[in-house]
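User: I would like to know what stands behind the terms used for this model. Please set each value against its definition.

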Amino acid sequence: MDRGGGSGDDQAMLFDLTKLKPEDQYKLLASTVVPRPIAWVVTLNPEGRLNAAPFSFFNVFGAGPPILCLGIGARRPGDPKDTGENIRLTGEFVVNLVAHENAEAMNVTAIEFGPEVDELAEARLTTLPSEKIRPPRIAESPVAMECTLHSMIEFGPDRALVIGQVQAMHVRDDAVLNPERCHIDTPKLDLIGRMHGGGWYARTTERFDMPRIPVGNWPRD
Ligand SMILES: Cc1cc2nc3c(=O)[nH]c(=O)nc-3n(C[C@H](O)[C@H](O)[C@H](O)COP(=O)(O)O)c2cc1C
């Protein structure tokens, strides 16, 4: 079946995103590309006012240099989100990751308060200083990445891609297996991901192990 043109005769419905409204493009992308990790971003505005919000259009894009990206929209057309403005103006932000025990507090920081409200105080969260940048990290989060702005790509006035470079990471002590070798106990972090609809999330408690196959072992019996 098709929606929006095309000649698909297979069992997959074709959605032509060039013909869909942004709200419908969002529904298709956000309900299929799952689970998405959540960047819980802390910034300061140029006057030093604290701001925090979650972003699930987020991932890391490699090391050397260590790069991550955030996709930031607008509250309403022409009304940019504080996080994007603060990053643009100050060039610094902390990406905290979200454990299952942080879920409700994270959700409070997503409330669309005005710039005068400190979301961290509303969510009864505490902060710890960063080493290399001015915005602090969230003490209750198991992983915090201190980032500087590498570049920002603006797709019109209401959508920006923030490209950040990770300068330092803080990982909760009990989840560090071997600091010299940078080995982390990932399951211990108990991180969550964003799923579909308004409020579905996934835990990372269901896993399976599948070692890579060296080319010399292929074909195998
Ligand atoms: C789990 C979760 C993920 C979110 N991901 C995004 C996102 O990727 N991009 C975005 O623009 N807004 C996202 N939002 C909405 C923002 O967090 C929300 O608009 C917030 O109020 C922005 O705050 P700010 O104006 O202080 O930056 C998300 C909300 C939640 C709960």
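User: What makes the link between the side chains of Asp 174 and Arg 172 a polar contact?

Analyst: The side chains of Asp 174 and Arg 172 are joined at 2.6 Å. A polar contact is a pair of N or O atoms within 3.5 Å; within protein, one must be able to donate a hydrogen and the other to accept it, and residues adjacent in sequence count only if both atoms are side-chain atoms. The value of 2.6 Å therefore meets the cut-off. This is a predicted model, in which local features need pLDDT of at least 70 and side-chain atom pairs count only at pLDDT 80 or more, while totals for chains, interfaces and linings use all residues. Residues are numbered from 1 along each chain as its sequence is written, and side-chain values use heavy atoms, with hydrogens and water left out.

User: Why is Asp 174 called partly exposed?

Analyst: Its relative accessible area is 38%. Buried means under 20%, exposed over 50%, and partly exposed in between (1.4 Å probe, protein chains only), so Asp 174 is partly exposed. Asp 174 sits in the loop between β14 (160-171) and β15 (176-178); strands (E, at least two residues) and helices (H or I, at least four) are DSSP runs, numbered from the N terminus.

User: Why does Asn 102 count as buried?

Analyst: Asn 102 has 3% relative accessibility, so it counts as buried. Asn 102 belongs to the loop between β10 and α3 (103-109), and its side chain reaches the backbone oxygen of Glu 140 at 3.0 Å.

User: Which residues is Asn 102 in contact with, leaving aside neighbours within four places in sequence?

Analyst: They are Trp 40, Leu 97, Glu 140, Ser 141 and Pro 142. Contact means heavy atoms within 4.5 Å.

User: What makes a set of residues a nonpolar core?

Analyst: A nonpolar core is a set of buried Ala, Val, Leu, Ile, Met, Phe, Trp, Tyr and Cys residues joined through side-chain atoms within 4.5 Å. The largest has 20 residues, and Met 145 is one of those touching the most other members.
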